[in-house]
Amino acid sequence: MRTQVAIIGAGPSGLLLGQLLHKAGIANVILERQSADYVLSRIRAGVLEQVTTDLLDEAGVGTRMHQEGLPHTGFDLLFGGERHRIDLHSLTGGQQVMVYGQTEVTRDLMAARQAAGLPTVYQAGDVSVHDFDTQHPQVRYQQDGAWHTLDCDFIAGCDGFHGVCRASVPEGAVTEYEKVYPFGWLGVLSDTPPVHHELIYANSTRGFALCSQRSATRSRYYVQVPLTEKAENWLDEAFWHELRQRLDPEARETLVTGPSLEKSIAPLRSFVAEPMRFGRMFLAGDAAHIVPPTGAKGLNLAATDVKYLSSAFIEFYAERSNAGIDHYSQRCLQRIWKGERFSWWFTSLMHRFPDGGAIGQKLQDAELAYLVQSKAASTALAENYVGLPL
């Protein structure tokens, strides 16, 4: 087999890259070690920046997002038992975000790829990348007991934090930066109406909580828990009780509870790998960077990577120019580090740290009060939340 771009990973990054390349007439094959059903079963965040919604429109997969997605022009900060609204729309000159689940983004991209008859190999075993430091990269994999070789011009590593692409880079060729936080998010998905029409970010003496949503009838809630916790040890009733303790009186009263559709604990980390290009292999999305979910940057940073990478490939094939390819890593990392900084700051502001003590809570309270009292501070928060310009 031969193609122009071999894409490793059929998550939203790989699928979006494949769709954009297809629309530009660039042949691509996607390899995924899991099944399509498994990929769709992964529950992830769903706050999309304008750059991401624009890119989905460009890829021709934005119709259902605009029909079913929930535009949000603000969100609430809850601290000291009171809520304060951050008006994204007025503070950023009319910008907003779209609440639309990552699972639905993936579903739309899968449907578009299938409709176009584009090759996707699911349950590809023992995937390995070779000769990416030459003009003739290869990807090898197993399927149905047989070995296959895919020759290509470029390899796009969209295979996540534990994927094979970054792991195949020679020792010493990549520098990794990482911070692991001493807590995780216990998340519950439920078919219940959201407690509020916008997101609520809560800082309480019991820890962080987030009230989010997927639709007018499906909610997603999180509470901060120690890394030692196990999701299976939390009965639904215990989760709802703990969430209530972290909310304001009005939200406690209006919270509608129900059986959990999914329950899991996600650890929090900040991670960046530099550079993101190794010869003719490129990293994108979680393969190169992870952010704490507090700032809703993970999928949006991945979409930006894909925008830069697809543009670089299109420029290469249309103009035989290496400019976009040569500057890909630098362009991505400039934006990634800004997203990492914001996510780290927002996480540090909203969570209880084991070693923070009473003074830590007092300092957080003071900064939160400043945030809502100062238009300049609120504007900085809003600008980072909706996404800085490319």
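This is a predicted model: local features need pLDDT of at least 70, side-chain atom pairs count only at pLDDT 80 or more; totals for chains, interfaces and linings use all residues.
**Exercise 1. Find how far apart the mean positions of the positive and negative charges of the protein chain are.**

Solution. Step 1: count the charges; the protein chain has 35 positive and 44 negative ones. Lys and Arg count as positive and Asp and Glu as negative, while His and the chain ends are not counted. Step 2: place each charge at NZ of Lys, CZ of Arg, CG of Asp or CD of Glu.

Residues are numbered from 1 along each chain as its sequence is written, and side-chain values use heavy atoms, with hydrogens and water left out.

**Exercise 2. Decide whether the radius of gyration of the protein chain agrees with that of a compact globule.**

Solution. Step 1: take the globule rule, 2.2 Å times the number of residues to the power 0.38, with the radius taken over C-alpha atoms. Step 2: for 390 residues, the rule gives a value near 21 Å. Step 3: the protein chain has 21 Å, so the two agree. Step 4: for the outline, the C-alpha atoms fill a box of roughly 60 × 40 × 40 Å along the principal axes.

**Exercise 3. Describe where the buried residues of helix α8 lie and what covers them.**

Solution. Step 1: locate α8 at residues 236–245; helices (H or I, at least four residues) and strands (E, at least two) are DSSP runs, numbered from the N terminus. Step 2: list its buried residues, Asp 236, Phe 239, Trp 240, Glu 242 and Leu 243. Buried means under 20% relative accessible area, exposed over 50%, partly exposed in between (1.4 Å probe, protein chains only). Step 3: seen down the axis, these residues fall within an arc of 165°, so they line one face of α8. The arc is that of the directions from the helix axis to the C-beta atoms. Step 4: the cover includes β13 (175–190), β15 (207–213), β16 (219–226) and β17 (260–274).

**Exercise 4. Describe the surroundings of Pro 292.**

Solution. Step 1: Pro 292 sits in the loop between β20 (289–290) and α10 (298–319). Step 2: its relative accessible area is 0%, so Pro 292 is buried. Step 3: leaving aside neighbours within four places in sequence, its contacts (heavy atoms within 4.5 Å) include Tyr 181, Leu 268 and Thr 347. Step 4: Trp 344 is 52 residues from Pro 292 in sequence, yet their C-alpha atoms are 7.0 Å apart.
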